[in-house]
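Let's walk through this structure together, one part at a time. Have the sequence and the coordinates open as you read.

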Amino acid sequence: MPETPAVPRARRSVADHLVGLGLSLAAVFVVAGIVHIVSILLIPMLAPNDAFARVSALAPPGTLTLLPPAGPASPVPFRDPAVAVALCRYDLRTGPLRVTASIDEQIMLAVSFHSRRGRPFYGLTDRSGNEGKIDLVVMTAEQIAKLDTEDEDPLREVRIEAPEPEGFVEFDALARTGGPERAADVLRSAQCKV
Amino acid sequence: MSAVLHARSGPAPGRSAPSAASGRRTRHGPSRAAWLAAFLRRIIIGLGGVGLGLGLTQLCVTHRWDVAAVHIGAWTFWPKSGTAEIDPYARAIFARSGELALSAGEGVVFTAKRDDRGDRLDRHCTYRVAGQVPSARLWTLAALGTEGLPLPNAADRHVLLSSSVLRDSHGDAELIVSPEVQPGNWLPLSGDGAFLLTLHLYDTPIGGGGTDASKLTLPSITPLGCNSHA
C-alpha cells in the first residue's frame, strides 16, 4: 500500500475495541492451551529428578539394589511404607534381561517393569508365578522378532516387550507379618541379569 | 486484526507531510507505528499465553490435578496410571515427584487429601477410617506428608496392614488416624499442616481400567475432632 488514502478514518467504535480485546484474549487462550499441552508432554522427557534418575542414583545398572526402608527421609516419595523395594536398572541394548525371583507363601511379591520415560508397562505378582518361581525375560521388539526367526523351538520363558530399551525393574515385597525387614528376605533371592 | 491495528495508529504525523518526496516517508511513518503496535500486541499475547500455559501446567503438577483421575468419596485414583496407557498428566506428575508408579498388575492406590466433609486432612485432627475395602489380597493404609514421605513419629509406625489390624466380630476394621495415642488400630500423625492418606490394594481385580470405578465402595474418612492449633 504505497499511497495512504486521504479519506478520514472512521473513529474506532467501542464495539471495535471489544472485538479487538476479545480476539486478543482468544489468542492468549489458544497460545496458553498449546503451551500447556506441550509442557505436560515434555515434562517426562525433561524432568531432571524423575523415578529413573533416582533409580540411577541408587542402583547401578544390572544389579539388584535393596532400598532402605521407607521413612521420613526416603529418596523415593509416595511409597507404601509397608513394602520392601528392590530396584534393578537395565539397558536392553546390551541384550535381553532375565528376571528371576523365588516365592515365599507368607510374602506377596510383585515385579513391575518401568520404561525410562515413566511408563509402567508390565506388572505381576507371585500369584502368576510358576512352580514357586517368577522367571521372565524383558526384550525389545527387535530382539523378540530376531529370536522368533532364529529359534525353531520357542522357549518356555515368559517374554515381555519393552517399549524403550532403557528402564528399571521394581521388586515389591509385602509380608503378612514381620514388616518390611521380613519382606526384604524374599528380595535377596531375586536376580536380574543381562 | 491488522485493520484494527491500522485504525488505531490513526492520523499519524507522517500523513501531513508533503506528498511528492514522501512516497517513502508516508509508507514508513504510519506503517512502522502500526508494525510496532502489532509487534507489541503479539509479544503480549505470546508472553501472556506462555505464562498462562506454564502456570496451568505448574498448578496441575504441584496439586496433582489430573483430568483422568476418578473420585470416589474422599478418595482419588488413576485407573490407567499403572499401565503403559498412563495418561500424560499422571506421567508428568510422577516425573516431577519422582515416585514409582504402582503397576496395575500389582495393585491400585487410592489417595485422599480431604475428609468426607471436604475439609483438608490436618495433622492436629483425629479421623476414623472405616467401612468396606474392595476385595484384595492385602491392603495398607498410610499417612504421608504432602511431599509423599512418611511422617516421623516416636512409635516408628507409618502404616496399618490388613493382615495385622484388629477386627470386630463381623471382620470389619476401624482405623484411627490421630496425633494422640489410641487403643486399637492407631496410625500416628505428627507435625503441623496437611497430610495425605494412601490406601494401597494388592492383587486386586480393580485397576487397569477393567472395572467400573464408580461402583466401588471405599472406607469413609470421618473427622472426630482436632487439638488446639497451639
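In which sense do strand β7 and β8(B) of chain B pair, and over how many bridges? In this predicted model, strand β7 (residues 174-178) of chain B runs parallel to β8(B), and four bridges join the two. To find one of them on your screen, look for B:Val177, whose bridge partner in β8(B) is B:Leu187.

This pair belongs to an open sheet of four strands in chain B, ordered β8-β7-β4-β10, in which the pairing is mixed. At its edges stand β8 (185-188) and β10 (220-226) of chain B; each has a single partner strand, so one side of each is left without a neighbour in the sheet. On average, neighbouring strands here are turned by 25° against each other, direction ignored. As background, strands of a sheet pair through backbone hydrogen bonds, either parallel or antiparallel.

Now let's turn to the place where the chains meet. Chain B brings 63 residues to the contact and chain A brings 64 residues. The size of an interface is often given as the accessible area lost when the parts come together. For chain B and chain A, the buried area is about 5,400 Å², and carbon and sulfur atoms give 66% of that. On the side of chain B, the residues that lose the most area to chain A are B:Arg91, B:Leu100 and B:Arg137, which together account for 15% of what that side buries.

What about specific polar interactions across this contact? There are 15 residue pairs in polar contact between chain B and chain A, both residues being at pLDDT 80 or more. Several elements of chain B give two or more residues to the side that touches chain A, including α1 (2-9), α3 (88-97) and β9 (196-202). The most comes from α2(B), with 16 residues.

Salt bridges between chain B and chain A number two. One of them joins A:Arg127 to B:Asp203, with the closest N and O atoms 3.9 Å apart.

Over all chains, the count comes to twelve salt bridges. For an example inside chain A, look at A:Arg93 and A:Glu166, whose side chains meet at 3.5 Å, N to O. A:Arg93 sits in the loop between β2 (84-91) and β3 (97-102) of chain A, while A:Glu166 is in strand β8 (residues 166-175) of chain A, so this pair ties together parts that are 73 residues apart in sequence.

How values were computed
Residues numbered from 1 in each chain as written. Chains lettered and ligands numbered in written order. Predicted model: local features only at pLDDT ≥ 70, side-chain atom pairs only at ≥ 80, totals over all residues. Heavy atoms only, no water. Contact = heavy atoms within 4.5 Å. Buried area = accessible area lost by both parts, 1.4 Å probe. Salt bridge = Lys/Arg side-chain N within 4 Å of Asp/Glu carboxyl O. Polar contact = N/O pair within 3.5 Å; in protein donor to acceptor, adjacent residues only side chain to side chain. Pairing = 2+ DSSP bridges. Axes fitted to C-alpha atoms, helices over the stretch in contact; angles between N-to-C directions.
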